[in-house]
Amino acid sequence: MTLLVLVISIRSWTQLGFTTYMPFYYLEVLKGDPRMVGTLLAVFLGAGAAGTLIAGPIADRIGHRRFMVSVFFLAAPLAVAFLLVSGIWTFILLGALGLVLVSTFTTAVVLGQAYMPRNLGMASGLIVGFAIGAGGVGATALGWIADRWGLSSALWISALMPILGCAVSLTLPEPRTR
């Protein structure tokens, strides 16, 4: 369960790093239209919501652990690609990143419950609580980095966090069947 909490913390840092700092990056670095910031966030978060609905059947089919590994494997190149493009590709890649990255939210709860089948409420609380708490701590740390080394540094760290998430998720044990 400790490894899963670490994986979820990494995902949360990435997600909240993009949610928090991507609008400023879009305006300051990409020189985007300020009227499109809300749309950009809606694309990321809306695709993430769709991802959580799509994730369940896929994770049930291929396995929850394998799904977690796959998500992080896909999220890193999408996040890095977002930082290398402009124009319409910004929206497309951010939507793809939201779809992939946020999809782990519900899958992580199910995986946590599989790791702690006698304490389903505790497992859910650990996953959801750490996801929100770690994301807040991560966004704060990224803010400190952005203040010291620039906005791009904070987003590059967010973009590369899924590599660490992939490595840690590879160490997740398969849940025992009941």
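Residues were classed by relative accessible area as buried (under 20%), exposed (over 50%) or partly exposed (in between), using a 1.4 Å probe and protein chains only. The model is predicted: local features need pLDDT of at least 70 and side-chain atom pairs pLDDT 80 or more, whereas totals for chains, interfaces and linings use all residues. Numbering starts from 1 along each chain as its sequence is written, and side-chain values use heavy atoms, with hydrogens and water left out.

K31 sits in the loop between α1 (2-28) and α2 (37-62). Helices are DSSP runs of H or I with at least four residues, numbered from the N terminus. K31 is not a glycine, yet its phi is positive, at about 55 degrees. Its relative accessibility is 65%, so K31 counts as exposed.

S158 belongs to helix α7 (residues 151-169). With a relative accessible area of 1%, S158 is buried. Contacts (heavy atoms within 4.5 Å) link S158 to W13, T14, G17, F18 and L142, leaving aside residues up to four places away in sequence.

Two packed helices are described by the angle and the distance between their axes. Axes are lines fitted to C-alpha atoms over the stretch in contact, with angles from 0 to 180 degrees between N-to-C directions. The axes of α5 (residues 104-115) and α6 (residues 120-149) come within 8 Å and cross at roughly 145 degrees. On the α5 side, F105, A108, V109, G112 and Q113 take part; they meet L120, A123, S124, I127, V128 and A131 of α6. By class, this contact has eight nonpolar, three polar and no charged residues. Ala, Val, Leu, Ile, Met, Phe, Trp, Tyr, Cys and Pro count as nonpolar, Asp, Glu, Lys and Arg as charged, and the others, Gly among them, as polar.

Notes: Helix = DSSP H or I, 4+ residues; strand = E, 2+ residues; numbered from the N terminus.
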